[in-house]
2 protein chains.
Amino acid sequence: KLDFKEKSPADFFSENMDVCGFDNPIRAIYTAVRELLENSLDACEAADVLPKVNLEIRKEGEGIYVIRIEDNGPGIPPEHVPESFGKIFYSSKYVMKQQRGRFGMGGTMAVMYGQITTQRPVHIVSMTEKQIADLKIKIDIIRNSPITEPENIWKAVKPNDTGKQGTTIELTLEGNYQRAREKILEYIKQTAMIAPYAEISFTEPDGSKHLYKREVEYLPPIPKEAKPHPRGVNLELFRRLMAKDPRSKVSNFLVKAFQSIGRKTSLEVLGKADVNPDKRVNKLGSEEIRRIVKSLRKHKGFRPPDASSLAPMGEEMFEAGIKRVLKSEFVKCIQRPPKAYEGNPFIVEVAIAYGGEIKVKEGEIKLYRFANRIPLLYDEWNDVSTRVLKRINWKRYGVKPGDPFAVFVHICSTNIPYKTLGKEYIANKPEIRREIYMGVLQVAREMRNYLNKLERKKKTEKA
Amino acid sequence: KLDFKEKSPADFFSENMDVCGFDNPIRAIYTAVRELLENSLDACEAADVLPKVNLEIRKEGEGIYVIRIEDNGPGIPPEHVPESFGKIFYSSKYVMKQQRGRFGMGGTMAVMYGQITTQRPVHIVSMTEKQIADLKIKIDIIRNSPITEPENIWKAVKPNDTGKQGTTIELTLEGNYQRAREKILEYIKQTAMIAPYAEISFTEPDGSKHLYKREVEYLPPIPKEAKPHPRGVNLELFRRLMAKDPRSKVSNFLVKAFQSIGRKTSLEVLGKADVNPDKRVNKLGSEEIRRIVKSLRKHKGFRPPDASSLAPMGEEMFEAGIKRVLKSEFVKCIQRPPKAYEGNPFIVEVAIAYGGEIKVKEGEIKLYRFANRIPLLYDEWNDVSTRVLKRINWKRYGVKPGDPFAVFVHICSTNIPYKTLGKEYIANKPEIRREIYMGVLQVAREMRNYLNKLERKKKTEKA
Ligand SMILES: Nc1ncnc2c1ncn2[C@@H]1O[C@H](COP(=O)(O)OP(=O)(O)OP(=O)(O)O)[C@@H](O)[C@H]1O
Ligand SMILES: Nc1ncnc2c1ncn2[C@@H]1O[C@H](COP(=O)(O)OP(=O)(O)OP(=O)(O)O)[C@@H](O)[C@H]1O
Ligand SMILES: [Mg+2]
Ligand SMILES: [Mg+2]
């Protein structure tokens with residue numbers, strides 16, 4: 001009488017859309033815009049192309065909108081288009097480098113929400129270097145697999161002789177644009193601030209156009225895939241790395257599988273674990289593996305992680321972006337050194353701004369949060385950055401909540417520890433919290449110096 | 001050069017444990033306890049058995065604990081044990097009635113966290129009416145499938161001639177019991193308050209025992225599986241219901257597929273949709289289906305959902321539980337009438353208590369949140385109940401933040417709209433928010449009357 005069932009990921013998420021950021025028609029249209037724009041920016045950056053994205057939202061009917069997004073990225077290889085948008089947990093981003101996408105579900109969830117609320121397929125035109133694919137895609141939700149129109153996708157693929165590349169997506173969904181409008185505009189504005197090399201045009205349903213021109217003409221260096229950092233490694237990860245390199249001597253394996261481990265460190269770690277460094281990986285016993293992992297986790301002297309898998313803003317670019325958008329007289333950004341949590345390299349960048357067009361609610365502290373260049377506009381109360389700000393005694397820095405200052409926190413990592421699949425807020429990881437705290441103290445001190453100077457200047461002027 | 005990959009759900013969640021409530025060793029041991037205890041209580045209630053649960057946490061080594069839980073429930077059929085704990089999205093609770101479990105992943109995630117951090121299998125002894133199964137289970141994470149010891153589970157199954165039934169689980173995991181202790185104890189205490197028919201014993205690593213005896217000797221009525229309520233139905237759900245009943249006339253289909261639709265309402269809805277009531281379901285065109293769903297969503301006159309799929313506390317039982325635990329002089333509970341959001345029936349119960357052992361932080365309002373009899377102890381800031389409390393002008397009710405009063409919100413539904421897979425907080429659904437708001441106003445007024453009486457009594461005594 002108990003009915004045991006298995007569900008596919010698509011089936012599961014179709015009944016749990018709240019955990020993916022599709023709570024209601026207001027939030028859904030925001031999340032869909034977010035997921036599509038992040039995909040376009042990821043694709044352009046990974047292909048080393050200065051992004052040019054046209055976003056348009058048209059009204060189709062009462063409470064029904066069409067989101068159209070067009071980018072100048074590399075396009076999507078035709079054979080991967082159906083599953084990229086018709087299968088949950090399908091992605092080209094399951095690799096260890098900084099990108100906005102990571103879950104392999106954002107695009108598919110937007111398509112699913114559109115399908116659930118309007119029954120309409122998503123329309124994709126993908127122009128790669130050699131081919132153009134023009135496809136409509138729905139999701140077989142029970143099976144977690146795409147249904148393509150035409151059924152044989154190759155009937156809709158032809159050679160690309162236009163010289164242009166990029167992806168165009170049209171998605172129809174139930175939405176409440178009026179109530180989502182302010183958040184969508186803020187999201188695009190903050191995206192332009194944190195990705196000043198991107199050109200983004202946005203056309204609203206009523207025809208109003210917004211254009212964010214490129215402010216810089218160069219991309220940040222493309223992140224390279226990294227090996228895991230040994231700090232915080234766990235037994236499962238260790239065993240998976242072993243499975244890829246079973247015949248190496250364990251001392252060589254440690255150097256090859258992890259970043260920041262050289263020959264000397266490898267021998268040190270194995271010494272403390274009491275494991276013969278010349279033993280082959282596939283000959284290690286369970287207890288030896290356990291001791292190696294324990295020794296890795298206790299080891300204090302690892303080189304900090306190499307930052308080549310990350311693409312931080314950089315202090316100057318971040319300050320310039322904030323100045324341009326908020327027009328503040330004082331802006332200071334600090335980039336903390338690279339660290340790792342649970343094997344994942346990360347860099348925290350903290351900025352503070354005073355004056356200009358900063359609008360602060362009474363008694364509140366204005367906090368802008370970013371993760372891998374994604375602006376986070378919801379659910380800030382439980383976010384790790386909010387927790388840090390609560391601990392700061394702002395009086396010591398010459399300000400109080402409600403004063404015209406704003407704090408900016410940008411976390412870059414190969415794996416952002418989101419608490420929700422809707423990428424709303426970030427988990428309270430002690431290593432990350434510490435870096436945010438140190439960064440906030442540093443920039444808060446700089447702001448205090450600036451305010452003191454301002455104060456002295458006022459006094460000299462009065463006298 | 002782009003590496004497109006598909007991941008199984010287990011593989012995905014093994015790298016995204018933060019979205020499931022396993023953020024770190026403190027939170028993980030709490031979440032594992034939660035998931036296991038909720039499974040035991042669900043199983044006993046569904047089998048109409050007064051729950052008796054023994055929970056024990058033992059220290060195994062430095063930062064390593066064993067959680068052992070034993071219940072007197074129906075046990076798990078041996079053929080379903082491996083996948084119940086070794087496969088994500090496998091569940092007997094994918095049905096439309098109130099239960100704590102719903103996702104089909106809690107138990108498996110606890111096993112996975114234990115395996116990732118200690119490589120140990122979970123040990124399960126399941127005693128059903130006729131069989132005893134004694135199995136160790138690990139998860140093939142890449143494949144999302146169980147690895148059982150013994151490989152042929154039937155070698156570990158024998159007849160049950162003990163006359164006893166129930167499930168015993170031993171799970172070894174990395175945890176930080178010291179820092180999780182307070183929350184675990186609070187969780188068990190609040191569970192005893194909201195499930196006063198359960199007997200729960202808890203033994204801590206240092207040997208201290210806590211026993212929560214049964215306060216009532218009867219179970220709430222067992223929820224029955226419900227049909228969806230038409231309010232807020234969407235096109236995808238409608239099509240799936242159609243697929244189950246293709247040959248009925250659409251007027252009969254509406255009455256059979258949904259609760260709260262009688263013949264008269266069915267004809268009304270079809271009339272507004274301009275669809276022939278005698279047309280067979282499998283003959284309906286896309287446009288007709290669209291109009292029917294639109295008409296269902298706009299229809300104002302549906303009977304409220306039948307509450308037989310829900311198991312609210314009831315005002316008296318809730319008040320008694322609060323009085324017993326907090327010893328407050330004044331406790332008032334209001335049960336709101338059954339409503340629905342997005343096709344899911346729900347009932348909100350709100351209570352307020354004044355005085356007694358209520359501890360409130362300065363300037364804060366003490367809020368206890370429950371969903372389907374699960375105490376929610378984390379991430380309250382973004383919860384729908386917190387949003388409601390922020391809108392209340394407490395001065396009008398004779399109290400201010402920091403006074404010794406507490407608000408309790410219990411939401412029962414066939415589908416609780418959690419925002420996280422760790423079941424931390426609840427999405428801001430307008431229908432639910434409205435019922436909480438109305439309930440809080442009602443109980444706040446009762447508290448004001450009580451405080452006024454108290455005030456008058458003081459004055460008469462002085463005079
Ligand atoms: N505009 C685009 N240009 C090129 N490739 C794209 C584009 N949009 C999506 N893709 C491809 O489709 C895949 C699936 O996208 P989807 O948004 O579902 O997941 P993701 O971006 O990998 O992860 P996340 O769920 O975190 O966004 C991506 O990994 C990428 O390879
Ligand atoms: N103590 C128990 N007694 C009887 N059955 C159990 C017990 N624990 C687990 N089960 C069975 O195992 C299944 C899987 O449990 P699991 O916790 O993974 O998912 P769930 O409870 O269905 O949903 P959720 O993820 O929301 O908890 C349950 O649906 C139930 O059938
Ligand atoms: Mg994406
Ligand atoms: Mg469960």
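1. Over all chains, a search of the whole structure gives 42 aromatic pairs (rings of Phe, Tyr and Trp, the last by its six-membered ring, with centres within 6.5 Å; planes under 30 degrees apart are stacked, over 60 edge-to-face, the rest tilted). This is a predicted model, in which local features need pLDDT of at least 70 and side-chain atom pairs pLDDT 80 or more, while totals for chains, interfaces and linings use all residues. Side-chain values use heavy atoms, without hydrogens and water, residues are numbered from 1 along each chain as its sequence is written, and chains are lettered from A and ligands numbered from 1 in the order written.

2. Tyr90(A) and Phe4(B) are stacked, at 6.0 Å centre to centre and 25° between the planes. The pair joins two chains, because Tyr90(A) lies in strand β4 (residues 90–91) of chain A and Phe4(B) in the segment before β1 (5–6) of chain B. Strands are DSSP runs of E of at least two residues, helices runs of H or I of at least four, numbered from the N terminus. Tyr90(A) is buried at 10% relative accessible area, and Phe4(B) is buried at 16% (buried is under 20%, exposed over 50%, partly exposed in between; 1.4 Å probe, protein chains only).

3. Phe238(A) and Phe253(A) are edge-to-face, with centres 5.6 Å apart and planes at 90°. Phe238(A) belongs to helix α6 (residues 235–244) and Phe253(A) to helix α7 (residues 250–257) of chain A. Both are buried.

4. A rotation of 180° with 0.0 Å of shift along its axis superposes chain B on chain A, RMSD 0.0 Å (least squares on C-alpha atoms of residues with pLDDT of at least 70 in both). That is the relation of a two-fold axis.
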